[in-house]
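Please read them with the sequence and the model side by side.

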Amino acid sequence: MRDTPASRGDSLSRPPATTGLSLMPVVSAILGTAVAVQVILFVLHAYQAIAFPYQLDYGEGPILQIAIEVARGRPMYPPVAQPPYLIASYEPAYYLLSALGVKLFGVAFWWGRLISCLSVLATALFAGLIVWDRTRHRFASLITGGTILAMPHFMVWGTLMRVDAMALAF
């Protein structure tokens, strides 16, 4: 029998001793800074989108129109054979919350965009909490939540008066 570390009973599971400096703090600092910058960009973009008084996407207009109809006490899903010709193709929760905003604050896009932005923030929080639950690592949790906000789809769609962000948060 040959004399090998396994035959001598030496543990093969021990990692080799490292010498020198670890790059992990540098990589973590760069990653943390990049995600922090992206979160700041998301907040700035969301502020500009919420404050913009006009339609930013085609889908915002029909959603606001349905919210106006619901706020006036009309049906959310009217018959398609008579005017107004509205198609409400999403679940009622977003329309109802948007109608609440129309009722409380008047006709504007900002309320629906705020709902979407809060939904994206909730999604980022939930993703971070999932990582926290599995790892108990704060930095990984923060990076996960921040990365959600850094994704271009969330940056754009999460600031529009659209149902997508709220559906994802649910």
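This is a predicted model: local features need pLDDT of at least 70, side-chain atom pairs count only at pLDDT 80 or more; totals for chains, interfaces and linings use all residues.

1. The mean pLDDT of the chain is 89, with 89% of the residues scoring at least 70. In the chain, confidence is highest in α4, at a mean of 97, and lowest in α6, at 90.

2. Among the contacts with a separation of 6 or more, 67% are between residues 24 or more positions apart.

3. Helix α4 deserves a careful look: it covers residues 110-135, and its 26 residues reach 37 Å from the first C-alpha to the last, which is close to the 38 Å expected at 1.5 Å a residue. Its buried residues include Trp111, Gly112, Arg113, Ile115, Ser116 and Cys117, as well as Val120 and Ala124. The cover over the buried residues of α4 includes α1, α2, α3, α5, α6 and α7. Just after this helix, arginine 136 takes a positive phi of about 55°.

4. Which residues does tyrosine 94 touch, leaving aside those up to four places away in sequence? Tyrosine 94 lies in helix α3, and its contacts are Ile63, Gly112, Arg113, Ile115, Ser116, Leu160, Met161, Arg162, Val163 and Met166. Because its relative accessible area is 1%, tyrosine 94 counts as buried. Its C-alpha atom is separated by 8.2 Å from that of glycine 112, a residue 18 places away along the chain.

5. Arginine 113 pairs with glutamate 60, with the closest N and O atoms 2.9 Å apart. Since arginine 113 lies in helix α4 and glutamate 60 in helix α2, the pair ties together parts that are 53 residues apart in sequence. Arginine 113 is buried, with a relative accessible area of 0%, and glutamate 60 is buried as well, also with a value of 0%.

6. Aspartate 57 forms a salt bridge with arginine 162, where the closest N and O atoms are 2.5 Å apart. This pair links distant parts of the chain, 105 residues apart, for aspartate 57 is in the loop between α1 and α2, and arginine 162 in the loop between α6 and α7. Arginine 162 counts as buried because its relative accessibility is 11%, and the cut-off for buried is under 20%.

7. Aspartate 133 and arginine 134 meet through their side chains in a salt bridge of 3.0 Å, N to O. Aspartate 133 is partly exposed at 44% relative accessibility, whereas arginine 134, at 67%, counts as exposed.

8. Finally, Leu23, Met24, Val26, Val27 and Ile30 form a nonpolar patch on the surface, and together they have about 520 Å² of accessible area. Valine 26 is found in helix α1, residues 24-51, and its relative accessibility of 46% is why valine 26 counts as partly exposed.

How values were computed. Residues are numbered from 1 along each chain as its sequence is written. Side-chain values use heavy atoms; hydrogens and water are left out. Contact means heavy atoms within 4.5 Å. Patches are made of residues with over 30% relative accessible area and no salt bridge: like charges are joined within 9 Å, nonpolar side chains (Val, Leu, Ile, Met, Phe, Trp, Tyr) within 5 Å. Accessible areas come from the Shrake-Rupley method with a 1.4 Å probe; for residues, only the protein chains shown count as cover. A salt bridge is a side-chain nitrogen of Lys or Arg within 4 Å of a carboxyl oxygen of Asp or Glu. Helices (H or I, at least four residues) and strands (E, at least two) are DSSP runs, numbered from the N terminus. Buried means under 20% relative accessible area, exposed over 50%, partly exposed in between (1.4 Å probe, protein chains only). The expected span of a helix is 1.5 Å times one less than its number of residues. pLDDT is the predictor's confidence in each residue, from 0 to 100.
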